[in-house]
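I opened the notebook to record what I looked up in this structure. The sequence and the coordinates come before the entries.

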Amino acid sequence: MWTIRVLVLAVVLCGGVPWGVVCAPAANPIDAAAMQAIAKSIGWAVQFSSDPCTWAGVSCNEVGRVTSIVASHAGLQGDLHGEDLSKLTFLSNLDLSFNGLSGKLPGLPTPLQYLRTIDLGSNSFFGIHDGFFAGLPALETIVLDNNDLTMAWIEQADAVPCSRLRSFSANNASFKFDFPNFFGDITLFPDLERLSLARNHLEGIVLPGFGVNSKISHLDIGRQTQNGDYKINGRMDLFIPNMVNLVEAHLDHNGFTGLVPDATQLVNLRVFDASYNDLCGVPKFPAGTAVDLAGNPRVGGGC
């Protein structure tokens, strides 16, 4: 009889969870209210429970603080409000990709000290609130691919240092205006390894000092010619040889001029695509590098 009473009590306290399963803590009240507000603003149809720690795709720690939100392909629509998001002070991972979210990427009135990975790719965001990156001091990876962020980049003087950022991806995101040379500044982005800005509307010069002694190993800035005549230009022979950790470089379908860069000292280089630019000179690459220089009629000859 005593065993039956203990079993019944355990089932009641755990909300019907079978005996032997450890009960998850209820969500912190602040996190619960914030998650309810977020769900309402983006049309997240959460059923059966007001406790977000029980929602599919939501993870909480041992004291009921939300640490991860994964709601990809969930049919979400609406605006993501920074006032609500910034209350999730223990959040470390946010994945809302492949939905219909719109508006601006939210500014965070209170920085999220633990948020390391963000995937907002394949939505309909059309801008970025001032202070967005200032609210992400621990950010390591962000994906903004396939959005409608038709906006100018901030000036380098206003760029916020992201000392932990390792990967920035905004392919086909409708970014416009001048190439953001500040990503190659190791005082602002000392740990940046991957920079992907392909298929946007960027133009202007990649400066000779871009990426000097940086950790950038994968660079993709190709195909800036869609929906118009946007092209990145400059002299790649003045910056590529100084990107000492480069493994893959995609600079195709742009307006680069001058010599094919001498990459013989880039011992890690494996892929180099500078097709359809206006380069000249004799290619010099490490053995085993896959090189594509098609569409450069003067390659192999003098400049």
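Is R199 buried, exposed or partly exposed? I noted that R199 counts as partly exposed because its relative accessibility is 35%, where buried means under 20% relative accessible area, exposed over 50% and partly exposed in between, with a 1.4 Å probe and protein chains only.

Before going further I wrote down that this is a predicted model, in which local features need pLDDT of at least 70 and side-chain atom pairs count only at pLDDT 80 or more, while totals for chains, interfaces and linings use all residues. Residues are numbered from 1 along each chain as its sequence is written, and side-chain values use heavy atoms, with hydrogens and water left out.

Entry on the loops. I placed R199 in the loop between strand 12 (194-196) and strand 13 (201-205), taking strands (E, at least two residues) and helices (H or I, at least four) as DSSP runs numbered from the N terminus. R199 has a positive phi of about 60° although it is not a glycine. L197 lies in the loop between strand 12 and strand 13, but L197 is buried, at a relative accessible area of 0%. From L197 to F179 I found 9.4 Å between C-alpha atoms, with 18 residues separating them in sequence. I then turned to R223, a residue other than glycine whose phi is positive and near 60°; R223 sits in the loop between strand 14 (218-220) and strand 15 (232-235) and is partly exposed at 43%.

I traced an open sheet of 6 strands in the order 11-13-15-17-19-21, with parallel pairing, two strands being paired if DSSP finds at least two bridges between them. Strand 11 (176-178) and strand 21 (298-299) stand at the edges with a single partner strand each, so one side of each has no neighbour in the sheet. Strand 15 and strand 17 (255-259) run parallel and are joined by 3 bridges, and G234 stands opposite F256 in strand 17.

Entry on helix 2. I read helix 2 as residues 29-42, which are 14 residues reaching 20 Å from first to last C-alpha, close to the 20 Å expected at 1.5 Å times one less than the number of residues. The buried residues of helix 2 include M35, I38 and I42, and among the elements covering its buried residues are strand 2 (66-70) and helix 3 (82-85). At the N-terminal end N28 caps helix 2, with a side-chain oxygen 2.8 Å from the backbone nitrogen of I30, and just after helix 2 G43 takes a positive phi of about 70°.

Definitions and conventions
Contact means heavy atoms within 4.5 Å. A polar contact is a pair of N or O atoms within 3.5 Å; within protein, one must be able to donate a hydrogen and the other to accept it, and residues adjacent in sequence count only if both atoms are side-chain atoms.
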